[in-house]
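Reader: Please take me through this model. I want each label tied to its cut-off.

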Amino acid sequence: MLRSKEFYFSFLVTAALLFVPLLLSLFTFFRKDLVYVEPAYFYWGSAGMGYYWNASYAPDMFINALVNEVFCSMCLPFVASLSYAYRMFDDRKSGAMQVIVPRVGYRTYCFGVVTVTFLGGFLTVFLPFVLEQLVLLVACPFDVPFMISNLPFEDTYLDYYGNAAGGALSALLLNHPYVYNFLFCLLPAVLAGLFGTLSAALSLYLVKSRFLTLTLVGILWIVLTFVTGALYFKWNVGMAAVSNGNFTLYPIVAGALLLADALLLFGAFRRKDVGL
């Protein structure tokens, strides 16, 4: 995986999607009074205050927060699949699979590729998210005694985070915001790994199209996101890994992806000719 140019390309695409709007947003802090700069955790990710309050309290980070949400809800399958999901397809086309499988066994080969694909998808998303938080820590204070935005006499912490009480993981958000942010670096990264393994498993059946191997899961995910969002916004599956989305959807989506991965691999193991 680390020798694959596709993995680095996928990583750079993810980094560009996250860091370009972040750096543009940070330019709005130039010569801004430090009193009005909030802690780094306040601006991070799709939970950034600019998006949550529709740019009422922190318009500086609105674009960055919006891009983070779109990335988590729609782009995960594409960057995850590009990282390594093509390996079995390429090995079959080049004839390498016919050389490797007799030596290590079909199941061992498939499990090895699927495991590396999961790690590739995971790292492609996890590392840029962590680096994004680190950049914010360089640009913004770690913490401040009072969080004042455009209302000089009202504490923004009470105004926003007080309203968060009662939501999913609200205690973690209120008491340990950086741990909360780190959790939402992990959750979309795990989903990305599962999307990548699903594309890898499908490559055993999609024997004629490398393009479909890399894009079919993402296309189906976008369709499912729009359909579920149109039926009932709170059950929009694209919001499962978004920090201001519906967290109760996450175990459902992750479990469904894991089940799909298992069924496809089990079907391939039952039919020894699949992928060969």
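Author: Along the sequence the pattern reads α-α-α-α-α-α-α-α-α-α-α-α. That is 12 helices and zero strands, where helices are DSSP runs of H or I of at least four residues, strands are E runs of at least two, and numbering starts at the N terminus. The model is predicted: local features need pLDDT of at least 70, side-chain atom pairs count only at pLDDT 80 or more, and totals for chains, interfaces and linings use all residues. Residues are numbered from 1 along each chain as its sequence is written, and side-chain values use heavy atoms, with hydrogens and water left out.

Reader: Why are H1 and H7 called roughly parallel?

Author: The axes of H1 (residues 5-26) and H7 (residues 106-139) cross at roughly 25° and come within 9 Å. Axes are lines fitted to C-alpha atoms, for helices over the stretch in contact, and angles run from 0 to 180 degrees between N-to-C directions. Angles under 35 degrees count as roughly parallel, over 145 as roughly antiparallel, 65 to 115 as roughly perpendicular, and the rest as oblique. H1 and H7 are therefore roughly parallel.

Reader: Which residues of H1 and H7 make the contact?

Author: H1 brings residues including Phe7, Phe11, Leu18 and Leu22, and H7 brings residues including Leu123, Leu127, Leu131 and Val135. Contact means heavy atoms within 4.5 Å. The contact residues of H1 with H7 divide into 16 nonpolar, four polar and one charged. Here Ala, Val, Leu, Ile, Met, Phe, Trp, Tyr, Cys and Pro count as nonpolar, Asp, Glu, Lys and Arg as charged, and the others, Gly among them, as polar.

Reader: What makes H4 and H7 roughly antiparallel?

Author: Their axes cross at roughly 155° and come within 9 Å. H4 and H7 are therefore roughly antiparallel. The contact includes Asn64, Phe71 and Leu76 of H4, and Val116, Gly120 and Glu132 of H7. The contact residues of H4 with H7 divide into 10 nonpolar, seven polar and one charged.

Reader: And why are H5 and H7 called oblique?

Author: The axes of H5 (residues 87-94) and H7 cross at roughly 135° and come within 10 Å. H5 and H7 are therefore oblique. Arg87, Met88 and Asp91 of H5 meet Tyr109, Cys110, Val113 and Val114 of H7. The contact residues of H5 with H7 divide into five nonpolar, no polar and two charged.

Reader: How do you know whether Thr213 is buried or exposed?

Author: Buried means under 20% relative accessible area, exposed over 50%, and partly exposed in between, with a 1.4 Å probe and protein chains only. Thr213 has 1% relative accessibility, so Thr213 counts as buried. Thr213 lies in H11 (residues 210-231). Not counting residues up to four places away in sequence, Thr213 touches Ala85, Tyr86, Phe89, Ser199, Ser203 and Leu206. Across the protein, buried residues make up 49% of the 276 residues.

Reader: What makes a set of residues a nonpolar core?

Author: The set must be buried Ala, Val, Leu, Ile, Met, Phe, Trp, Tyr and Cys residues joined through side-chain atoms within 4.5 Å. The largest such core has 50 residues, and those with the most contacts inside it are Val125, Phe129, Leu136, Leu191 and Phe195. H10 gives the most to this core, with 12 residues. A second, separate core of 18 residues includes Tyr86, Met88, Val113 and Leu265.
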